[in-house]
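Reader: I'm new to this one. Can you walk me through it in short steps?

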Amino acid sequence: MKYGKTHHRARQPAHPVHPDHASMTQILDESPMLPIHYRIWALSTGGTLLSGVSMFLLGVTLPLVIPIFALPATSVGLAAAMLMGGTVIGALVGGHLADHLGRKPVMIMDMILLMIAALLAALAPNAAVLIGAELLVGVGIGMDFPVGSSYLAEFMPQRRRGRMMAAAIAVQSIGMLTGAGFALVLLQSAHPGDDTWRWLLAAEALLVLPYLLGRLTLPESVRWCMGRGHNAEAVRILEHIAPQQKEMLAAMARHLGKKIHHVAKVRPGRHMGIGTLFSPEYRRRTILVTLPWFFMDVATYGVGLFTTILLGTMRDGGNVGIIGIVGRDLANALDSGKVDLFLLLGSLLSLWAVPWLGRIHMQMIGFGGMALGMGLLYFATGMAGGAAAHLQLILIGFMVFNLFMTVGPNATTFILPTEMYPTQVRAFSAGFAAAIAKIGATISVFLLPVIQSALGITMVLLLMGTVSLLGLVLTYSFRVQGHGLTLEEHHGPALPQ
């Protein structure tokens with residue numbers, strides 16, 4: 001099946017849906033962009049922003065913490081792996097809770113957890129507490145990914161859904177740059193062995209606060225309310241989007257009572273859960289949204305989290321030299337900030353490219369570009385004089401990797417799970433896909449320092465290029481048609497081969 005850029009006519013759902021429910025989803029899909037939509041978008045980006053911030057700051061913090069806590073290479077990998085491993089737990093738990101308790105309660109719960117975890121990391125008296133705190137940070141971020149993406153997809157007007165969701169994941173790049181900003185400011189006056197690393201980690205708690213306070217005022221998802229039979233609540237929320245239709249909406253609420261809105265390729269009476277993801281109707285989609293995302297995160301988090309360390313290794317072969325630990329960390333953080341600007345550039349390009357060319361096309365283009373970036377780095381390490389003699393080519397390789405990753409797979413893997421499944425399992429399905437992806441990230445950040453130590457930097461680059469190509473092949477093999485469809489139209493009659 002092909003997920004191309006051709007727009008399709010609306011299809012009738014596979015199972016009958018009450019006409020009042022259809023009218024309510026039509027109000028959501030055809031609404032102009034209103035202030036409430038922009039507020040929902042801004043407050044849904046907590047997980048993506050903090051994902052970027054935490055990834056960058058931990059990468060900058062680890063070189064400072066290694067001599068203080070005398071961390072061996074395995075503990076360095078473990079600290080990073082706990083951040084990623086926590087997202088696996090959080091994604092599964094958060095998605096499950098969001099489908100059962102609602103989107104809003106979970107979006108508040110995960111911000112509270114992130115606030116506690118960030119403060120615990122900043123105050124950590126030893127390596128064990130720091131590692132445990134990073135696990136909790138990962139759980140909070142992991143919880144937010146599926147619920148935030150589902151909440152956003154369920155509210156956005158149809159014509160703007162792809163662009164607004166691409167913009168939401170683009171905030172991850174802003175998070176990385178925000179982390180770079182904190183690092184550059186705080187490292188300017190840092191000294192070996194001081195508490196600068198604590199202030200770097202405490203910055204995360206400062207960023208959590210506005211999300212926590214803002215989310216207290218958000219409405220529940222209209223589609224979640226309809227999917228649970230809470231039609232009166234759904235209508236009250238819709239009145240803020242279409243106040244001119246208030247009387248008609250009130251009549252709908254009275255008419256619907258507690259009828260459940262169900263649009264899916266599986267029958268309404270069937271229990272919806274993990275079995276739905278692997279049913280014949282949804283199996284292909286599950287492969288599409290999990291395996292390419294898995295391989296993207298192997299490359300993205302492995303390269304992204306250790307960009308500062310990789311640059312240091314490729315710059316001077318790991319020798320601290322006369323500039324010292326803090327000086328080298330500052331120089332590497334500055335170079336990391338430069339290449340991370342291309343994360344933002346790619347994210348901005350995705351706002352145009354993803355809606356126009358389609359999710360699948362951009363995912364394949366992006367994976368190809370990621371492989372090219374790793375190829376440039378691999379080529380630079382084999383040139384005369386070694387990597388240290390070709391720093392500009394190294395920076396270009398990182399830039400190409402970051403640009404194509406964010407213009408393609410980073411956006412599309414975030415969007416696709418929210419479109420591929422019905423409301424009753426949307427958050428769980430997005431959480432399942434995110435969890436599989438973060439397993440890849442966890443494996444990558446844990447093994448990367450070990451592989452680098454045992455086999456060298458060239459093997460790391462070769463592996464990252466290979467997994468990027470695997471993401472491209474799997475996306476092509478399991479591509480699914482659907483560009484231009486509403487969330488409900490995705491679950492109409494089986495789409496043609």
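**A buried valine and beyond**

Author: Start with V303, which is buried at a relative accessible area of 3%. Keep in mind that this is a predicted model.

Reader: Which helix is V303 in?

Author: V303 sits in helix α13, residues 283–305.

Reader: And how far apart are the C-alpha atoms of V303 and L461?

Author: They are separated by 8.7 Å. Along the chain, V303 and L461 are 158 residues apart.

Reader: Let's zoom out. How many helices and strands does the chain have?

Author: The chain has 20 helices and zero strands.

Reader: What share of the residues counts as buried?

Author: Of the chain's 497 residues, 61% count as buried.

Reader: What about contacts between residues 24 or more positions apart?

Author: Take the contacts in the chain with a separation of 6 or more. Residues 24 or more positions apart account for 86% of them.

Reader: Now helix packing. What describes two packed helices?

Author: The angle between their axes and the distance between the axes.

Reader: Which residues make the contact?

Author: From α3, they include G46, G47, L50, L58 and F69. From α6, they include A127, E134, I141 and D144.

Reader: How do the residues of that contact divide into nonpolar, polar and charged?

Author: The contact of α3 with α6 has nine nonpolar, five polar and two charged residues.

Reader: Now α3 with α7. Where do those axes cross?

Author: The axes of α3 and α7, residues 158–187, come within 6 Å. They cross at roughly 35°. This crossing is right-handed.

Reader: What classes of residue are in the contact of α3 with α7?

Author: That contact has 16 nonpolar and seven polar residues, and no charged residues.

Reader: Back to α6. Is M143 buried or exposed?

Author: M143 lies in helix α6. M143 is buried, with a relative accessible area of 7%.

Reader: What is M143 in contact with, leaving aside neighbours within four places in sequence?

Author: G90, A91, G94, V106, M109, D110 and L113.

Reader: L113, then. What separates its C-alpha atom from that of M143?

Author: A distance of 9.8 Å. M143 and L113 are 30 residues apart along the chain.

Reader: New topic: α18. How many residues does it have?

Author: Helix α18 has twelve residues, 409–420. From first C-alpha to last, α18 reaches 16 Å, close to the 16 Å expected at 1.5 Å a residue.

Reader: Why is α18 largely enclosed by the rest of the structure?

Author: Because twelve of its twelve residues are buried. Among them are P409, N410, F414, P417, E419 and M420.

Reader: One last stop. Where is T276 found?

Author: T276 is in helix α12, residues 274–277. At 0% relative accessibility, T276 counts as buried.

Reader: Which residues is T276 in contact with, beyond neighbours within four places in sequence?

Author: T276 is in contact with V266, H271, Y282 and V425.

Conventions: Residues numbered from 1 in each chain as written. Predicted model: local features only at pLDDT ≥ 70, side-chain atom pairs only at ≥ 80, totals over all residues. Heavy atoms only, no water. Contact = heavy atoms within 4.5 Å. Helix = DSSP H or I, 4+ residues; strand = E, 2+ residues; numbered from the N terminus. Nonpolar A, V, L, I, M, F, W, Y, C, P; charged D, E, K, R; others polar. Buried < 20%, exposed > 50% of the residue type's maximum accessible area, 1.4 Å probe, protein only. Expected span 1.5 Å × (residues − 1). Axes fitted to C-alpha atoms, helices over the stretch in contact; angles between N-to-C directions. Left-handed = near helix turned anticlockwise from the far one by under 90°.
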